[in-house]
Amino acid sequence: MPADPQRSVTSEPPRGAGTSAVEVRRSPRRSRTVSAYREGDRTIVLIPARMSEAEERRWVGVMLDKLAAQESRSVLGDRELTERALRLSEQYFEGRARPRSVRWVTNQNTRWGSCTPSEGSIRLSHRLQGMPEYVVDYVLLHELAHLLVPGHGPKFWRLLEGYPRTERARGYLEGVVAAARLPHPPAAGEAAREA
């Protein structure tokens, strides 16, 4: 346990976390709950004073993901989506990927996104709306990478290596696809009739 149970630590967040700093505040009055909120460009995470450093790190990650998911539920418009794509291009591709348009579409039910390099257009499936921010960012980066490299060869995947949540986002999307394929349990009335 740290020497000062009420310490407040501010640190740089993981790359791509979407905020400039994370501040952890320990409280002796907090027994089990963990909460987090945004305060300007900082994320404040409130934890019990007795929590270990390892538990703190784990909970900070959990709470950053939870906040990102809540924020991405507020649907971005096409303009905000374009701005986000440009920021990601700056951050990960030195601004080389410059889409002319980025928009949500409702006609992509088998793909998460698509790109037409000749037109500089990127389209994201509306099914991504409400997913965690890091997942939407990954799909945007994937499509931005297609503006620089067609296909999915080694050069393409090297471009995405700079995004620290690539594997996690891919796993999330694979989980969504797998869950959609699971058999749906029968409704309460149907189960009774089958028995």
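## The sheet

Two strands count as paired if DSSP finds at least two bridges between them. In this predicted model, three strands form an open sheet with mixed pairing, in the order β5-β7-β6. β5 (101–105) and β6 (113–116) are the edge strands; each has a single partner strand, so one side of each is left without a neighbour in the sheet. On average, neighbouring strands are turned by 20 degrees against each other, direction ignored.

β6 pairs with β7 (residues 121–125) in the antiparallel sense, over four bridges. Ile122 in β7 is the bridge partner of Cys115.

## Helices on the sheet

α2 packs on the sheet and touches β5 and β7, with its direction at about 130 degrees to that of β5. α3 lies across β5, β6 and β7 and runs at about 150 degrees to β7.

## Packing of α2 and α3

Helix α2 (residues 78–93) packs with helix α3 (residues 133–148) at an angle of about 70 degrees, and their axes are 9 Å apart. Angles of 65 to 115 degrees count as roughly perpendicular, and α2 and α3 are therefore roughly perpendicular to each other. Residues making the contact include Leu81, Arg84, Leu88 and Tyr92 of α2, and Val136, Asp137, Leu140 and Leu144 of α3. By class, the contact has 11 nonpolar, one polar and three charged residues.

## Asp137

Asp137 lies in helix α3. Its relative accessible area is 7%; buried means under 20%, so Asp137 is buried. Leaving aside neighbours within four places in sequence, Asp137 is in contact with Arg84, Leu88 and Tyr163. Arg84 and Leu88 are among the α2 residues that make the contact with α3.

How values were computed:
Residues are numbered from 1 along each chain as its sequence is written. This is a predicted model: local features need pLDDT of at least 70, side-chain atom pairs count only at pLDDT 80 or more; totals for chains, interfaces and linings use all residues. Side-chain values use heavy atoms; hydrogens and water are left out. Axes are lines fitted to C-alpha atoms, for helices over the stretch in contact, and angles run from 0 to 180 degrees between N-to-C directions. Helices (H or I, at least four residues) and strands (E, at least two) are DSSP runs, numbered from the N terminus. Angles under 35 degrees count as roughly parallel, over 145 as roughly antiparallel, 65 to 115 as roughly perpendicular and the rest as oblique. Contact means heavy atoms within 4.5 Å. Ala, Val, Leu, Ile, Met, Phe, Trp, Tyr, Cys and Pro count as nonpolar, Asp, Glu, Lys and Arg as charged, and the others, Gly among them, as polar. Buried means under 20% relative accessible area, exposed over 50%, partly exposed in between (1.4 Å probe, protein chains only).
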